[in-house]
Structure formats: structure tokens, C-alpha cells
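Here are my notes on the aromatic side chains, for you to check against the model. Have it open while you read.

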Amino acid sequence: WSSNDVLAAHQWRQVSSLLRHAACLDFWRGRFAEAGLDPGLPATQAFSRLRPLRRGEIQELGTKLHLTPPEGHGEVGSGATSGSTGMPISFRNTEVTYRIWQAITLREHRWHGRRPSLFHAFLRPGAREDHPTWGPPADLVYETGPSARFPSSEPVSAQMDWLVAAKPDYLLTLPSNLADLVDESGRRGISLSGLREVRTVGEVMPAALRRRVREAWGVRVADIYSASETGYLALECPEVEGRYHVQSECVLLEVLTEDGRRCAPGEIGEVVVTTLHNYAMPLIRYAIGDYAEVGAPCPCGRGLPVLERILGRVRNMLTLPDGSRRWPLFGLNHLPDIPIRQYRVVQKDGRRLEVHLVCQRQLYEGEETTIRDTLRQRLHPGFTIEFRYPADLPRNAGGKFEDFVNECPPAETSR
């Protein structure tokens, strides 16, 4: 509830401390010198001259980005990203960063008014598990009800059978898996009675899917914007659906134009993140690979900065024949009378798209024509469109699904 100015003052004090610590590394000393930034002085305008840290650099540098954290930061842990960008990276964190993650998790529960005594279900990758509590951090401060995880790698029909039998009050899953569940419940005429809320994480949440969940199940969606290597980035506002509040206490999140200027409300740019408390592997002006639209101050009254939309990865942007790029809009699974169960559009170059379809039956020539005309109308009339019919469209190692992937040569995607 602090003003943006107060929050920013706290952030810059923390950034200055982080820069002094990072200056122990050759890489960061060189980066600071290049920008004319003196880490011994309070962070100033020179911070904006720091070149963003790219995933390829993190891969290449490896342990050269590792530091010994100050006393009091606890044990150092490690992890790796799922590789949904095509460039998985390893990272380190500390007990302090874990405690901050727990605090933001509790904030998210409280913002959305959840009742910890109820049953929470998770459809995520991994083995099936049943627990007597929600687990940390909720059960550190509340007497919680039970929780359970069912593998999202199981067929959607099996997931729906489990949900119907388990009758959860809260459900957390990936947006793409949620879309499959809504389709499955519609085919079977099933309504998940007793469900109070769906939480989503890990992928872009389409506005159309929010509406479908509300229409099918009568509940709202609470989305979370986070990344393994950074922790929480933004939480959906509990009062204004679809708006996200940046978690300024743990990250400095910038949205930048192509020329490095900070975006104003209504502008779309690249998300660049500085993790404020990870002294084991400082990520300073880290280009996480996402794009987002900056929002105006929220009418809810919170001073935390606003993201109006989170648009996803660079590899999910369409390259038009003239070399420009934009976010694609498909909606192929809602074409009337065409039995598409799953689709993925793969851009091979600036003029060619492959449409991968999993259908309930073989499509007629006229149906292919309808799909081709729809894509040309929504994307660009100059595209050549080819069809492929795989038996399945697999998710990546992290369980995420992409309905569009740009495989254009680098020279085309960088124009």
C-alpha cells in the first residue's frame, strides 16, 4: 500500500547493496565499467545504461556468476529452468530468497481470501501425492486442510475423473492444461461442483480462457507470474481481474522498448528483472525472455506497479513477411463444426507456417480451406500454410504447452 515513490526508494537502496556485492566478480566489474557505473556509490541513472543480461550469457558463464552470500543468508541451493525458451539455465539461491518466496505465497493466499481449512488440489508434473496439509508456507501459520497432487502428464480424461472424485475447493494447474480440462468437462457435461477458484502458473493466461472457466465452472482464475530463477514477479490483483501487481519488495522489474527506454502505460516491451536479495547469484537487469504491457496505477489503491498483460516469450511472436513482429491470435479450437482437439502453429520462415492438428476425425478438404483462410485473415494473407497431423502434441520437459513457436532463422526474427 506504500506509494510507488516509497517503494522505489527502498528498491534503489537494495540495488545499491546488491551492486557492491556483485562487484566482487570480474564479469560484473566489467559490465559496470562499460556502463560508467560505480558500485561504491548509490545506484543512479547509470544503472539504466547496463546492458541486459541474456540467457546465453548465463549459460556460457556458468559458475563465474556464483558468489558467496553474506553471513545470515543461510544455505545455498541450486536449480534449473524447464527450458521452455529453448535455452535452459542453472541458477543458485539462498535461504533468504526461499523465505521471501514463502512470504509472497502467503500474500497471494490472503489477497484472494482463501480458506486454508479447505482442500487444495494440484495438477502438476510429478508423481501422485496426498498430504494432510497444504505444506509450507501455509501450514507454518495456519491449520490447513489436506492437499493432493495428480500428474498433469496423465490423460486429461483421467485428470477429470480424479477431480470429480476428489471434489477440491481450490485447483492449481497450467493454463494450457486448464483449457484441456474445460474442453473435457464440456464434452462430458461435467460441472466441478464445490470448486471455489482456479490458480494458474507457468504460462500465459489468455483472457478468453478466463471467460471459458467462468462460464463452464462458475469460478474466477487467479494467475501468478513467476520464474524458477527469479521467484515471484507479479500477482494478479484480487479486485481487478487480469491486472498484475509487480512484487516490488523482491524484484525490480523493468519493461523496456527496443531502444532501452522504460515503457509508459499502454506500451509493450521486454521484461528485464533484477532480483533484489539473491546474493548467491545476482541477476542484474536479466532479460527473462518475456514481453509485457505496462499498466496505469490500479484503482484498488495498491502502490505496486501494474502489468496490464503478460504476452509471453520472444519465440511466441509471429514474424510477418516484411520482417516486423507481432503477437499472433488464432482461436482455431473454436471454429464451428471442425473437431480440433489440439493445435500448434509452427512458423518455419517469414512466409511459411505449419499447422499441427490433433483432431477427432480426418478433416475434409473444405475444413482445411476454412482453417487456412482463417489464419490468413488473422495473421497475414501472404502466408503459405501446410498441415501436419501428429498423433499427439507433447508438452516440454516442464509440462508447458506452446500453441505457437517461431522457428524462423535468427536473421529473420531479429529484424
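Predicted model: local features only at pLDDT ≥ 70, side-chain atom pairs only at ≥ 80, totals over all residues.

1. Residues are numbered from 1 along each chain as its sequence is written, and side-chain values use heavy atoms, with hydrogens and water left out.

2. Rings of Phe, Tyr and Trp (its six-membered ring) pair if their centres lie within 6.5 Å; planes under 30 degrees apart are stacked, over 60 edge-to-face, and the rest tilted. That rule gives eight aromatic pairs. One of them is W28 with F32, stacked because the ring centres are 5.8 Å apart and the planes at 25 degrees.

3. Both W28 and F32 sit in helix α2 (residues 26-35), four residues apart, or about one turn of the helix; helices are DSSP runs of H or I, at least four residues, and strands are runs of E, at least two, numbered from the N terminus. Buried means under 20% relative accessible area, exposed over 50%, partly exposed in between (1.4 Å probe, protein chains only). W28 is buried at 0%, and F32 is buried at 1%.

4. F150 and W162 are also stacked, at 5.2 Å centre to centre with 20 degrees between the planes. F150 is in strand β5 (residues 147-151) and W162 in helix α6 (residues 156-166), so this pair ties together parts twelve residues apart in sequence. F150 is buried at 8%, and W162 is buried at 8%.

5. F27, W28 and F32 make up one aromatic cluster.

6. Look at R302 too: R302 lies over the face of W111, 4.5 Å from the ring centre. The test is NZ of Lys or CZ of Arg within 6 Å of the ring centre and within 35 degrees of the ring normal.
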